[in-house]
Amino acid sequence: MWKLFCLGSCLLVSTASYGQPGPGPASLLWEVSGKGLTAPSYLFGTMHLLCPDDFELSDTLLNRFKATRQLVMELDTGNPELMASVQQHLFMQDDQQLSQLLPEADFNRLAAFFQDTLQLDIRLFNQVKPFVLTSIVMHHLLACQPKSYELALDSLAKQQSKTLTGLETPGEQMALFDTIPYANQARMIVRLADSLAQARTSFAELVALYRKEDLEALYQAAVRNEFEMEGVLLTRRNRRWIPRIVARMQEHPTFIAVGAAHLGGPDGLLTLLEQAGYAVRPVFSR
C-alpha cells in the first residue's frame, strides 16, 4: 500500500510536466562493478504495479538475475513478520481522525466517492493514516489484475535458493511518510478521488515512460508534485540505502530491485554509486 502511495503522488503531476526524454542511455537494468567486487551486481528499476500487457521479465534480465546470489529490494517481502510490522504503523497518532482533518464538504464528498465507487464505508478507515487510502483508490484506478516485479522476483529468488533481504524496515519507510502532515495526506486522497479520470491518463503516461526506460523523465515525474516528495521519498532514502547496497554487494553478487525513480537524478542511486567509486553501465535488453 505504501508503494501505491508513491505511485499516487506521481499521478497527481500534470502530464505536461514530464517533458522530453532525459539524457543518457535508456535502460532500467544496470551493471555495477569495480572497487574490489569479485563479480558484477545489478541494479534494476521497477514500477511497482503494472497491467500484465506492460509487464516483462526479459531474457537479459533473467540471465543477470540468475548470475547473482542474493536479491535485495526495498523491503524484505519474504519476511513472515512483514505484514504484522506494517500493521503497527497504519493508524494516526493522538487519536486523530480523517473527518477532523478535512473540511466537512470535502469529507462528505470523499465518503460519497468511497460508497458509490468503491462500495466501502469510509468510517471504517477514519483513524487510518490517509496515505493508506491511496492504495484502495489505486486498485480501482488500475483496470486490470496488476502484476508486481517485487512479487515476481521474490518468487524467482525462492526458486533459485537466493538470499532475500530489504534495504529498510516498514518502520523506517512509514516514518518517512509520517513527515508529511496528515492534513496534507488527506488533501491528497481527496484530490485523487476528485480527478480519477486525469489520474488514469497520468498513469498511462507513466507506463509509457517506463516502457521507454526513460529514468530521467520518471525521476522528474516523481519529484514534481504538490507535497515535495523528492526529499522524503527519493533523496533521503537513496542516501540511506547506498551504504546498505554497498555492504550487500561486497558480500555476494547481488540483484537490487527498487522503484525506477530512485535510479535517475542528481541524487539517484546510479550517480551515488559512481560517486562511491563504482562503475555503472547500462545493460540493454533490446
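Which residue's side chain meets that of R281 in a salt bridge? The partner is E31, with N and O 3.2 Å apart. A salt bridge here is a side-chain nitrogen of Lys or Arg within 4 Å of a carboxyl oxygen of Asp or Glu.

## The model

This is a predicted model, in which local features need pLDDT of at least 70 and side-chain atom pairs count only at pLDDT 80 or more, while totals for chains, interfaces and linings use all residues. Residues are numbered from 1 along each chain as its sequence is written, and side-chain values use heavy atoms, with hydrogens and water left out.

The protein chain has 13 helices and 6 strands. These are DSSP runs, numbered from the N terminus: helices are H or I with at least four residues, strands are E with at least two. Of the 286 residues, 53% are buried. Buried means under 20% relative accessible area, exposed means over 50%, and partly exposed lies in between (1.4 Å probe, protein chains only).

Contact means heavy atoms within 4.5 Å. Take the contacts between residues at least 6 apart in sequence: 85% of them join residues at least 24 apart.

## Salt bridges

The whole structure holds 12 salt bridges. Side chains of opposite charge can pair when their charged atoms come close.

The pair R281 and E31 links distant parts of the chain. R281 sits in strand β6 (residues 279-282), E31 in strand β1 (residues 29-33), and 250 residues separate them. R281 is partly exposed, at 42% relative accessibility. E31 is buried, at 12%.

R123 pairs with D121, and their closest N and O atoms are 2.7 Å apart. R123 counts as exposed because its relative accessibility is 64%. D121 is partly exposed, at 25%.

K158 and D154 form another salt bridge, at 2.2 Å from N to O. Both lie in helix α7 (residues 149-159), 4 residues apart, so about one helical turn separates them. K158 is exposed at 54% relative accessibility, whereas D154 is buried at 8%. Elsewhere, salt bridges with shared partners join E74, E168, R237 and R240 into one network.

## Helix α9 and helix α6

Helix α6 (residues 130-141) packs with helix α9 (residues 182-194). The angle is about 15°, and the axes are 8 Å apart. Axes are lines fitted to C-alpha atoms, for helices over the stretch in contact, and angles run from 0 to 180 degrees between N-to-C directions. The two helices are therefore roughly parallel. Angles under 35 degrees count as roughly parallel, over 145 as roughly antiparallel, 65 to 115 as roughly perpendicular and the rest as oblique.

The crossing of α6 and α9 is left-handed: the near helix is turned anticlockwise from the far one by less than a right angle. From α6 come P130, F131, L133, T134, V137 and M138; from α9 come Y182, Q185, A186, I189 and L192. By class, this contact has 9 nonpolar residues, 2 polar and no charged ones. Nonpolar covers Ala, Val, Leu, Ile, Met, Phe, Trp, Tyr, Cys and Pro; charged covers Asp, Glu, Lys and Arg; the others, Gly among them, are polar.

## Helix α9 and helix α5

Helix α5 (residues 104-117) also meets α9. Their axes come within 10 Å and cross at roughly 55°. The pair is therefore oblique. The crossing is left-handed.

D106, R109, L110 and F113 of α5 touch I189, V190, A193 and D194 of α9. This contact has 5 nonpolar, no polar and 3 charged residues.
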